[in-house]
Amino acid sequence: MLEDSFVGVRSDAMAKSHAFTGDLALWLEVLKERPEVSVLQSAAREYQFGLLALASGQYRAAFSALRLAMELSFAAVQWSANERELREWQRGQRDSNWSGLIDNENGIFSKQFVRLFSEVLVDEISQYRASAAAVYRECSEYVHGNAHTHRSLPEQLMFNEAAFSAWHAKASVVRLSVSFALAARYLLDLKAESRAQLEHMLLDNLGHSTGVRVMLGAPTEVANG
């Protein structure tokens, strides 16, 4: 079964999804002095567990871990601007709240929040909020055991092409939305050497974003061409 996840083009999908663990490692390195980095570390662990569960045919666990990885990543961004809430979470006095994280007025993709840290990206946020919300809802169906998930997932521990492909499709949205959220929150606050560390990775993930290219000092005509 493990071998089935790495045959032919499936190997390419696994490699692409696994590469995001390296992206998160870069973020963890440049943000290592920030108090909320522990939340992002937890998100990175969940993403890695999701990949392991996927390769092992444990698809429900894989979708659950992917959802939690995105939620914790967004929570790290949200709590970077509210240390009290971060400390409450660290003490077990607060849970992350998905609806609050993507709230149109106060969440991390709200104009009010993004404008504080990277005004150039304000006009791009709606697409990321919408796609993240859709993937969270779809992953939640596996977490909550909706009827169709029992029909679509194999009864035995075995490889399933549809579930495998669905996870990677959702993971691609998670990678994009998390990358954008982290760039919007931190990029302009980072020192030049830290931005240089992230530049290649950000252009790979978000090179289509004119705002990100502007913040990195990259040619914007590439994004528009």
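User: Where is Ser110 found?

Analyst: Quick heads-up: this is a predicted model, where local features need pLDDT of at least 70, side-chain atom pairs count only at pLDDT 80 or more, and totals for chains, interfaces and linings use all residues. Numbering runs from 1 along each chain as its sequence is written, and side-chain values use heavy atoms, with hydrogens and water left out. Helices are DSSP runs (H or I, at least four residues), numbered from the N terminus. Ser110 sits in the loop between α5 (98-101) and α6 (111-117).

User: Is Ser110 buried or exposed?

Analyst: Buried means under 20% relative accessible area, exposed over 50%, partly exposed in between (1.4 Å probe, protein chains only). Ser110 comes in at 0%, so Ser110 is buried.

User: Which residue's backbone oxygen lies 2.7 Å from a polar atom of the Ser110 side chain?

Analyst: Ser110 also touches Asp103, Asn104, Glu105, Ile125 and Arg129, not counting residues up to four places away in sequence; contact means heavy atoms within 4.5 Å. The backbone oxygen at 2.7 Å belongs to Gly107.

User: What is the relative accessible area of Arg185?

Analyst: Arg185 is in helix α9. Leaving aside neighbours within four places in sequence, Arg185 is in contact with Arg34, Val77, Ser80, Phe113 and Phe117. Arg185 is buried, and its relative accessible area is 4%.

User: At roughly what angle do the axes of α3 and α9 cross?

Analyst: Axes are lines fitted to C-alpha atoms, for helices over the stretch in contact, and angles run from 0 to 180 degrees between N-to-C directions. The axes of α3 (residues 59-79) and α9 (residues 161-186) come within 10 Å and cross at roughly 5°.

Conventions. Helices (H or I, at least four residues) and strands (E, at least two) are DSSP runs, numbered from the N terminus. A polar contact is a pair of N or O atoms within 3.5 Å; within protein, one must be able to donate a hydrogen and the other to accept it, and residues adjacent in sequence count only if both atoms are side-chain atoms.
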